[in-house]
Structures are given as C-alpha cells and as structure tokens.
Amino acid sequence: MAGDAIDAALARRRLRVLVLFLLLGAGVVIVSVLSIGTGALALAPSRVVAVLRAVLTGTVPEDMARDALVVVGIRLPRTLLGVLVGASLAVSGALMQGLFRNPLADPGLAGVSAGAAFFAAGMIVLGERLVALTGPLPFITLPMAAFGGALLTTFTLYRIATRAGRTSVATLLLAGVALGALAGALTGVLTFLSDDRQLRDLTFWSLGSLGGATWAKTATVAPAILPVLVAVPFLARGLNALALGEAEAFHLGIAVERVKQVAIFLVAVAVGASVAVSGIIGFVGIVVPHLLRLAIGPDHRVLLPASALLGGILLVLSDMLARTLVQPAELPIGIVTAAIGAPFFLWLLLTGRRSLAL
C-alpha cells in the first residue's frame, strides 16, 4: 500500500511537471507573437503568424512587404533577444541561489553585474578618446567591454574566495558585495566626468533596455547564452546535493569544488553577455526562481529549465509594457522589472516567510 501511494505521488508530480513545461513552452510562443505585434504599427497575432510564415517560405506578397520589414528587421530580433536575456538572468539567479543555499542570492548581489556595468560605462565615457587614437570602433566594442568586466570580476571573486583549493561561498558572497560597491563607486566617477550625451547613454543603459536590439547583437550574444542554457541542467544533481550541505554532498559523491567552479563560470558568462547587450536588468533572477519554487518545489532538475522559459516570458512581457506605457516614448525595462519585483517581495514577506527557505 505504501509503495502504491508513493508511485501515485510520483506519477502526479511527473504529470504536474509535464503540464508546467507545456504551459511555459506555449507561453513563450504566445508572448513572443504578442510582442512582435506590439508597437506603433500594431499587428494582430494572426497577421504576425502569416507574415512569419510568408518570410519562412520566401513568398512575401506585396501587401505584406511593409509588415515583413517591421517584423523581421526590428521586432523579431528584439523579441528573441528578450527571450535569451530573460532566460540567462533567471537561470543565473537559480544557479546562485542553489550555490549559496540562499533564496535572496542574485547575480547583482555578487558584483558581477556591477563589474560589467563599470567596464561598459568606461567604454561609453572614454570611447571617444579611443576613436581619436584608433579610428572608428566596431559595434561589438561596448558589449565586449561589459562581457570582459563580468569575467574579470568573477575571476577576482574566485581568487579571493579560494584558499588551498577550496572555495568559501560566504567569502565569495561578501567579496562580491565589496567589489560591487567599488565598481558602483567607480561608475559614479565616470558618470560625474561624462558630458550630457554620455550621461543620457549611461542613465538609459544602466536601467536596462532592449531598444537597440538588432540581428547582429542577437547573433553576438546567442553563442554565449545558448551553451550556458544547455549546460546548466547537468549541474542539477550537484545543486540538489549541496542543499543538504557541502559535507553531505561530498559523501554523496559530488565533486563540490567542481560544481562551484562551473556554476560561477556559467553565471559570469550568462550575466556578462546579458549586461553587454541590454544593460542592467534587476529582479528577474530573484522573482522567477521564487515563483517556480512555490509551484513545483526546489528540485533543480526541473527548476533550472523552467526558470529559463519563465525568465524569457517575464522579460518579453516587461519589454512590451516598457514600449506601451508611455508611448511614443519608451521606459527603461529595468524600471518595469523593479516595479514587478519589489511588490512581489513585499507580498512574499507579508504572506509567508516559510517560502524563503530553499
């Protein structure tokens, strides 16, 4: 009887997980179609599907030429970039929360986002001097500066926190707070030195935006983010074991230090690539894993891929709001995600503090 009850419970869980992934997959498609149709030139979902079908088959009728230009040239790369960035930020948050065994951990807390922002701000403010010395810089210069800043920050954190071949998670977290504060102060110095045009760029970029999305940017960031999304499920078993404690995970046969190293590196790659093309976007890495834990529990085998899907949905929805709330202007997407994330945390604290436990 007990065995039958356990089998029935496992079957119900598998069914719930299957339904969740079907809903999330459908949600990504639906939200993407709605996003492509949202803007100054509004397109019905059926029209978006028809235009995409015509483009894929290579037979775009004359009456669809304008719509196809808008969809393929402007909105499709922006939507795809939103899905990629949202997925990478949400997965990074889930990874860090599992690694630190702290549901409040976030890439921004470890200083990775601040390090990427500092290097990007330096390129914005000092880029003109480089142009005077070397000539016009390629568009990839700013994204690569942010990406390099994230990697350098992560490498510095790892060196500070590692002693005798062992990485202290507590030291890593505290060093991340310190390096994040230092990077923020240096970014403030660059902001003080910037002119009016640079100040506008810094302000808008520091609050996050998908407004500059192009196929070139999407093609630049995809080779960095997609391998991360493919790799993170292989860390699920190690993260599940780490939830019991490092000693227990070691006795279960988990290479604890290897899991830490790989997780930290994947977070650096994902966050660096995301900040490089969209600026700093907060709260996605905290809100998405929390919502999923409330729905399906803390099992990282399900949590990590589900976070990728829900992160893409959340960021694309936030981008739609950013484009429509103050038309014809556009809000920075970081304002929208903060407006969603802050009330969520207040609600979480007021209604059930037990949900803060992994």
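Q: I'm new to this one. Asp299: buried or exposed?
A: Asp299 is buried, with a relative accessible area of 13%. Keep in mind that this is a predicted model.

Q: OK, so why does 13% get called buried?
A: Because buried means under 20% relative accessible area, and Asp299 comes in at 13%.

Q: Where do Arg47 and Asp67 sit?
A: Arg47 is in helix H2, residues 45–57, and Asp67 is in helix H3. They are 20 residues apart, and the pair links distant parts of the chain.

Q: What about their exposure? Start with Arg47.
A: Arg47 is partly exposed, at 26% relative accessible area. Asp67 counts as buried, with 6%.

Q: Which residues are linked in a network of salt bridges?
A: Arg78, Asp319, Arg323 and Glu330. Within that group, the side chains of Glu330 and Arg78 meet at 2.7 Å, N to O.

Q: How many residues apart are Glu330 and Arg78?
A: They are 252 residues apart. Glu330 lies in the loop between helix H13 (300–324) and helix H14 (333–351), while Arg78 belongs to helix H3.

Q: Is Arg78 buried or exposed?
A: Arg78 counts as buried, at 9% relative accessibility. Glu330, on the other hand, counts as partly exposed at 28%.

Q: Switching to pockets. What lines the second largest pocket?
A: Its lining includes Arg78, Arg323 and Glu330, which also belong to the salt-bridge network. Thr38, Gly39, Ala40, Ile74, Arg75, Gln327, Pro328 and Ala329 are in the lining too.

Q: How much space lies in that second largest pocket?
A: About 230 Å³.

Q: Which element gives the largest share of that pocket's lining?
A: Helix H3, with three residues.

Q: And how do the residues of the pocket lining divide?
A: Four are nonpolar, three are polar and four are charged.

Q: Which residues line the largest cavity?
A: Leu95, Met96, Leu99, Phe100, Ala110, Val112, Thr154, Leu157, Leu172, Ala263, Ile264 and Val267. The elements giving two or more residues to this lining are helix H3 (65–100), helix H5 (141–161) and helix H11 (256–278).

Q: Which of those gives the largest share?
A: H3 again, with four residues of the largest cavity's lining.

Q: What's the class make-up of the lining there?
A: Eleven residues are nonpolar, one is polar and none are charged.

Q: And what lines the second largest cavity?
A: Leu89, Ser113, Ser274, Val275, Ser278, Gly279, Ile280 and Ile281. H11 gives the largest share of that lining, three residues.

Q: How do the residues of that one divide by class?
A: Four are nonpolar and four are polar, with no charged residues.

Q: Which helix is Val221 found in?
A: Helix H8, residues 215–231. Val221 is buried as well, with a relative accessible area of 2%.

Q: How far is the C-alpha of Val221 from that of Leu315?
A: They are separated by 16 Å, and the two residues are 94 apart along the chain.

Q: Last topic, the surface. Which residues form a nonpolar patch there?
A: Leu15, Leu18, Val19, Leu22 and Leu23, with about 500 Å² of accessible area together.

Q: Where is Val19 found?
A: In helix H1, which covers residues 2–37.

Terms used: Residues numbered from 1 in each chain as written. Predicted model: local features only at pLDDT ≥ 70, side-chain atom pairs only at ≥ 80, totals over all residues. Heavy atoms only, no water. Patch = residues over 30% accessible without salt bridge, like charges linked within 9 Å, V, L, I, M, F, W, Y side chains within 5 Å. Areas by Shrake-Rupley, 256 points an atom, 1.4 Å probe, with all protein chains shown as cover. Salt bridge = Lys/Arg side-chain N within 4 Å of Asp/Glu carboxyl O. 1 Å grid on protein atoms, 1.4 Å probe; cavity = no way out; pocket = protein on both sides within 12 Å on 5 of 7 lines; lining within 4 Å. Nonpolar A, V, L, I, M, F, W, Y, C, P; charged D, E, K, R; others polar. Points joined across faces, edges and corners; volume = space filled by probe spheres on them. Buried < 20%, exposed > 50% of the residue type's maximum accessible area, 1.4 Å probe, protein only.
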